[in-house]
Amino acid sequence: MAGETVVIAGGGQGGFQVAASLRQAGFDGRVLLIGDEPELPYQRPPLSKAYLSGQSSREMLSLRPEQFYADQQIELLAGERVTVIDRHRRRLQLASAGELGYDHLVLAVGARNRALPVPGADLDGVLGLRTVADADALRERLKGARDVAIVGAGFIGLEFAAVAAAQGLNVQVLEAARRPMSRAVSAHTSDYFTQAHTQSGVKFNFGACVVRLHGSGGRVTAVEIAGGQRLPADLVLVGIGVIPNTELAIAAELATGDGVLVDEHLVSSDPRVSAIGDCAQYPSRFTAGLIRLESVQNAVDQARTVAARLVGNGAPYAKVPWFWSDQGKLKLQIVGVIAGHDATVLRGDPDRGGFSVFCYRGGKLLGIESVNRPADHMVGRRLLSDGIGLTPEQAADEGFDLKAHAATPAKPSEHVA
Ligand code: NAI
C-alpha cells in the first residue's frame, strides 16, 4: 500500500480512527476522510448524556483539534458526501460535484435514525438524536419544555429520559415492546432500569403503539396511542432504532444484508473496499451468525483492524464486544452479546447499589451486564476474550474470586468457538 490513496467515507468515530491508526502505523500514502457533517469528527456518546445536560462543552466533544489533521496529513473533507462509488474506475463522486480516485475505500458511513411512520411526525418539537446538531436543538427545547414524550425505550430514549427527569420535566416513555432495551439486555436488567427510572419520576407505557402526533399552529401538543389515549407533549423525542446506511454500497453492487457484508477481515465483496462500524455486518466469534453492532468499541476496534491490514499486518477481527450506558446515577456496562440466552445468574445485590447478570446459553457464558459493578465488567471482558469458562455456580458465588479466575490461562476446551 506504500504511496497509495485510502479514502474513508464517513467522518464518525470509526472513520476518524482508520485515518489516525493508518498514520500511527506509518502509512505514507494519501489519507482522505470525508464526512457529511460540518464539524470536526466528534464523539457521539456524550450527546445523550453530559453534553445534553450541559455538563460538557462542544470543544470536549471533538476527537482531535483541527491542527491534528494538518499535522498528520489527513485530508479532512467535512460537510462533504460521497454520492457514487465507481468500483471499476476506482473513483468516487462527491456531492460538491468533484471526483476522487482511490486505491482502497473504507466505508464507515454509519446508520441513520429510523423515522416514526405516523401522521404528525414532521411537527415542530418532534426530534431525534444522533448528531451534535440534534443535541443542540434538544438542549434548547428542553429549556422551554414541560411535557416530554419519548418514543422508544432503547439507549437513546432512556438516557434522554434520565436527563429530562433530572430537569424536573414530566417524562412519559412510550415503548412498543414489553420492556426497555430489550434488543440488548436481559429481562432482569430491563426491569431494574424500569424501576429506577420510575423512582426518578419517569412514567412508562409498554406495548404502546403511537398512531398519530397532534399539533397546534404547526407545533406538537400531544401523542396519541392505539386505543385513543392522548398524552400531552410539547417535546417529543423519537428513539426507535437505526437503519444502516447501505445505499451507496447497494448502488455500487456490493453484497449487503443488514449492512455492508464483510468477511472476518472486514473486507467487502470487493477486495478494494472495507466496511466498519454501524454500517458493517460481519462474522463474529461471539455470535452464531453474522452481526452488525452499534457501538463505539466496535467502530474503533474495527477501524484499527482495517488500518493494520492496509499496512500489511492483517488479522481477523476478534475483539470482544462491549457497551456502556449512563442513565442518571446508573452505569450499565455490557460485555458480549446476550441475544438468545436461556439462563441468567445474578451476582451482587440490586437493592444495595450494584449487581451483574451473567447470561448463558446451553451452559456457555454469552455475556455479562453490570450495573455499578465495573470490576465484574472488566473481568468479563477478560473471560470472554480469552475464552475462559465460568460455570453458573461460580458466577453466583460471591466468594468465588472472579479476578483470580480470569487470570488463569484458558484450557483449549474452554475457548469460544
Ligand atoms: P435502540 O435500538 O437501542 O432502541 C429502540 C427502541 O425503540 C427499542 O426498545 C424498540 O423496541 C423501540 N421501538 C421501535 N419502534 C417503536 C415504535 N414505533 N414505538 C415505540 N417504540 C419503538 O435504538 P435507539 O435508542 O434509538 O438508539 C439509536 C442508536 O444509538 C443505537 O445504535 C444505539 O445503540 C445507539 N446508542 C447507544 C448508546 C450506548 O451505547 N450507550 C447510547 C445512545 C445511543
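Predicted model: local features only at pLDDT ≥ 70, side-chain atom pairs only at ≥ 80, totals over all residues.

Colleague: Which residue places a polar side-chain atom 2.6 Å from an oxygen atom of the ligand?

Modeller: Two side chains are worth checking here. Glu-159 has a polar side-chain atom 3.0 Å from a nitrogen atom of the ligand. The 2.6 Å distance to a ligand oxygen atom belongs to a polar side-chain atom of Arg-183.

Colleague: What percentage of the accessible area that the ligand has on its own does the protein cover?

Modeller: The ligand on its own has 850 Å² of accessible area.

Colleague: Which element supplies the largest share of the shell around the ligand?

Modeller: The ligand is surrounded by 21 residues, with Glu-175, Arg-183, Gly-241, Glu-294 and Trp-324 the closest. By residue class, the shell holds nine nonpolar, six polar and six charged residues. At least two shell residues come from each of α5 (155-166), β11 (170-175) and β23 (322-327). The largest share is three residues, and the element that supplies them is α5.

Colleague: How many residues apart in sequence are the parts that Tyr-192 and Phe-355 tie together?

Modeller: A search of the whole structure gives eight aromatic pairs. One of them is Tyr-192 with Phe-355, edge-to-face, at 4.7 Å centre to centre and 65° between the planes. Tyr-192 belongs to helix α6 (residues 187-199) and Phe-355 to strand β26 (residues 354-361), so the parts they tie together are apart in sequence by 163 residues.

Colleague: Are Tyr-192 and Phe-355 buried or exposed?

Modeller: Buried means under 20% relative accessible area. Tyr-192 has 16%, and Phe-355 has 0%. Both values fall under the cut-off, so Tyr-192 and Phe-355 are buried.

Colleague: In which loop does Tyr-317, the partner of Tyr-282, lie?

Modeller: Tyr-282 and Tyr-317 pair edge-to-face, at 5.4 Å centre to centre and 75° between the planes. Tyr-282 is in strand β21 (residues 280-283), and the pair ties together parts 35 residues apart in sequence because Tyr-317 lies in the loop between α8 (296-310) and β23.

Colleague: Which ring has the charged end of Arg-64 over it?

Modeller: Ring pairs link Phe-16, Phe-68 and Tyr-69 into a cluster. The charged end of Arg-64 sits 5.2 Å from the centre of one ring, that of Phe-68.

Colleague: Which residue lies over the face of Trp-322?

Modeller: A charge counts as sitting over a ring within 6 Å of the ring centre. At 3.7 Å from the ring centre of Trp-322, the residue over its face is Arg-381.

Colleague: Is Leu-266 buried or exposed?

Modeller: Most residues other than glycine have a negative phi. Gln-73 has a positive phi, near 50°, and is exposed at 58% relative accessible area. Leu-266 also has a positive phi, near 70°, in the loop between β19 (259-261) and β20 (273-275). With a relative accessibility of 0%, Leu-266 is buried.

Note on methods:
Residues numbered from 1 in each chain as written. Heavy atoms only, no water. Near = heavy atom within 4 Å. Polar contact = N/O pair within 3.5 Å; in protein donor to acceptor, adjacent residues only side chain to side chain. Areas by Shrake-Rupley, 256 points an atom, 1.4 Å probe, with all protein chains shown as cover. Helix = DSSP H or I, 4+ residues; strand = E, 2+ residues; numbered from the N terminus. Nonpolar A, V, L, I, M, F, W, Y, C, P; charged D, E, K, R; others polar. Phe/Tyr/Trp six-rings, centres within 6.5 Å; stacked < 30°, edge-to-face > 60°. Buried < 20%, exposed > 50% of the residue type's maximum accessible area, 1.4 Å probe, protein only. Lys NZ or Arg CZ within 6 Å of the ring centre and 35° of its normal.
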